[in-house]
Amino acid sequence: MNEKTNMETAVSPPANTNVTQRVNALLAQMSLSEKVAQLAQIGGADWNQGPKPEEIIRERGAGSVLWLNDTKRFNEIQKVAIEESPSGIPILFALDVIHGYRTIFPVPLALASSWDPTVAEQAQAVAAKEARAAGIHWTFGPMIDIARDARWGRIVEGAGEDPYLGAAMAAAQVRGFQGDDLADPERVAACAKHFAGYGASDGGRDYDPVYLSESELRNVYFPPFQAAVNAGVDTFMSAYMDLNNVPATGNRWLLRDILREEWGFEGFLVSDAFAVGNLVIQGHARDRRDAALRSLKAGMNMDMASATYLEHLAGLVEDDSLSMAEIDEMVRPILALKVQMGLFENPYVDETLLEKTVALPEHRQAARQVAQRSMVLLRNEGGLLPLSKEQTNIAVIGPLADSMEATEGSWMVFGHEPAAVTVLQGVRAKLPKATVAYAPGPDINRDIPHPFGEFDMTKKKPIQAPEEAEVAFETAVKTAQSADLIIMVLGESADMAGEFASRGSLDLPGRQEELLKAISALGKPVVLVLLNGRPLSINWAAENVPAILEAWEPGSEGGNAVADILFGDVNPGGKLPVCFPRNGNHAPLYYARTITHLPESSEQYRSRYWDSPTTPLYPFGFGLSYTTFEFSNLTVSAEQVKVGEHVNISVDVTNSGPVAGDEVAQLYIHQKWGSDSRPMRELKGFKRLTLQPGATQTISFQLGPDELKYWSTNAGQWVQEAAKFDIWVGADSLATLHTAFEVIA
Ligand code: NOJ
């Protein structure tokens, strides 16, 4: 092995040669040990065991450092890489920047509720700008796993249940993070994760195995990932779990055949944390050496944090289990990204930039607008909302009403201090003259604590004793009793959704529903604001609480955005990107099911369980407004088209109510027969519009081979078939305005 330790040989290539030449020049001067180090991502957090990043970097360099959020340290480590490592190759600093760096935006599930990809793009562009100013080059986002099981905690990180909406949100987030120039110093490299199928883990239990047919994968779970590739995403992360009994980290079919060969992805892949080493635990690899071999052979470029590549790849080359060409193939795209991002020319971050960047008022303003557009009005009986600003005596009640953590939500960057405007603060700011009383009621807690508690990612509070909880309950009811209007803020705390946060029930945790019932019994107007990272089964509220606003985890400006909507400065227009099941036992639940031989639409046979209806409490695509909309004149450009041709669908949308508002026109198709059964409905177009009262807008959609093809199990390939298609356009997945056309051979 040709170990090179002489610093004199360190050269960075001239800036003007093209990327491949520069990568070749670098590879030519690197020892095997250095090449292997480029395939390693090293944990930089205090709790990481083993050598400090500098020790490894000084000796052999490193591809990347993660779990560090400290601008000064970035520069210190970078200096070691540039000045002391053998080839002077800069480090890529990586961190999970999921929905904001300092200015926190709504969680991705909420971004998807906007049904406006420009909103997701804008949010991630601000996140990128702030993160880059801190010295971060690469984020582990977007998370684009389709999730149809609300018990799975990580549903909060993605765009929900639908591949078409999911693909649009995936591409938008990639554009937001990356922009269109890799060298842009206000952007970061993105990472499409977790490839693939993670959202379908058995029973919604995090990390459990996934069994998905090739047609499910290709028709439902892959489209957001392929959209990310088409949007130019720089990197991919593999998922943790076994996909059809092969761990995704060692899954050659996923990592090579699909991603590289079929889709033409040219960036690099990183494993999930410790996943390469964990192939041993998972029962796939015999030992860590075998894990490194299997993972690299499968196409995994970078080993996140497990040090398995660092320990074993050189030995595997030396005993001819791997060739140098295989190592070079893995290193190339990592070096290429560093070259393209301009890290050789500008490896350091200006340490004064962060505070100037995060303080920009336009970032808070953007966070407020994005939050407004993400919220979904679920119920508004008797037009209780919007509330009058003449209110003088309000009570804001609930354990999340003044929780900055719950408002900003899950997945904060390491060391982030929550600084959200809570709903309580938002209401007080909106009505400065009113009396706004507050009582949290009893605390809510996970039964099994979050493991990140140890790392102080969530603030720990002592568990309330039952007597204290009782006093808190009574105080909340009394506080509500003295008010004329009650705003209840209920849902889930930030550690109840996300990774390590799956649950079996979808009920409101703790005594929240009991408190809601007790306060509703006072006979005063009650508005329920939900802060949560997944659909909840709020069956009682859906029948008994007149107004319900789904605010999700709305970010730094969440409380202001809630107040803007409740008091009518903003008309809500978000729509659900997931069904709300009536019960956690109903999960997975999604709208795009196949019809079966006893359709649920048939009166007599529709029961699927005998103990409860299995329709969703709120369907996919659902959301109300302070105005009303009508859809009419649904037309299709041709009754028949040939395979490969397009049809145009047009529809009129009218604001038939009293105020301006937003509607999302949604187009669903159903292929009536074919080589496989097709879903009873599939989203194939959407458009969010703003309409003045009385205004009508005609909008059109095009359907062609891209929308009409599918992966057929029977045919074993992509097909576009001659068949009749039903079309519906309307305000949600239950839209009734219908037309049809036929595709002929
Ligand atoms: C584990 C998570 O599954 C993944 O989403 C995340 O990006 C990595 N850890 C790095 O923090």
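A polar contact here is a pair of N or O atoms within 3.5 Å; within protein, one must be able to donate a hydrogen and the other to accept it. I wrote that down before opening the structure, which is a predicted model.

**Entry: domains**

I looked up the domain assignment of the protein chain. It gives domain 1 as 56-340, domain 2 as 362-575 and domain 3 as 629-744. I then took the pair formed by domain 2 and domain 3. Their centres, taken over C-alpha atoms, are 36 Å apart. Five residues of domain 2 and nine residues of domain 3 take part in the contact.

**Entry: interface of domain 2 and domain 3**

I noted a buried area of about 550 Å² between domain 2 and domain 3. Carbon and sulfur atoms give 35% of that area. On the side of domain 2, I find that Arg-373, Asn-571 and Lys-575 supply 79% of what this domain buries against domain 3, more than any other three residues.

I counted polar contacts next. Five residue pairs are in polar contact between domain 2 and domain 3, both residues being at pLDDT 80 or more. The side of domain 2 that touches domain 3 has no nonpolar residues, three polar and two charged.

How many salt bridges does the rule find across this interface? I get two. I also looked up Lys-575 by itself: it forms a salt bridge with Glu-663, with the closest N and O atoms 2.7 Å apart.

**Entry: ligand site**

I listed the shell around the ligand and got 13 residues. The closest are Asp-96, Arg-154, Lys-193, His-194 and Asp-272. By class, I sort the shell into seven nonpolar residues, one polar and five charged.

For Trp-67, an N or O atom of the side chain is 2.9 Å from a ligand oxygen. For Arg-154, the corresponding distance is 2.6 Å. A polar side-chain atom of His-194 lies 2.6 Å from an oxygen atom of the ligand. Last, I looked up the cover: of the 290 Å² of accessible area that the ligand has on its own, the protein covers 96%.

Notes: Residues are numbered from 1 along each chain as its sequence is written. This is a predicted model: local features need pLDDT of at least 70, side-chain atom pairs count only at pLDDT 80 or more; totals for chains, interfaces and linings use all residues. Side-chain values use heavy atoms; hydrogens and water are left out. A residue is near a molecule or strand if one of its heavy atoms lies within 4 Å of it. Accessible areas come from the Shrake-Rupley method with a 1.4 Å probe; for residues, only the protein chains shown count as cover. Ala, Val, Leu, Ile, Met, Phe, Trp, Tyr, Cys and Pro count as nonpolar, Asp, Glu, Lys and Arg as charged, and the others, Gly among them, as polar. Domain bounds come from an automatic or database domain assignment. Contact means heavy atoms within 4.5 Å. Buried area is the accessible area (1.4 Å probe) that two parts lose on being put together, summed over both. A salt bridge is a side-chain nitrogen of Lys or Arg within 4 Å of a carboxyl oxygen of Asp or Glu.
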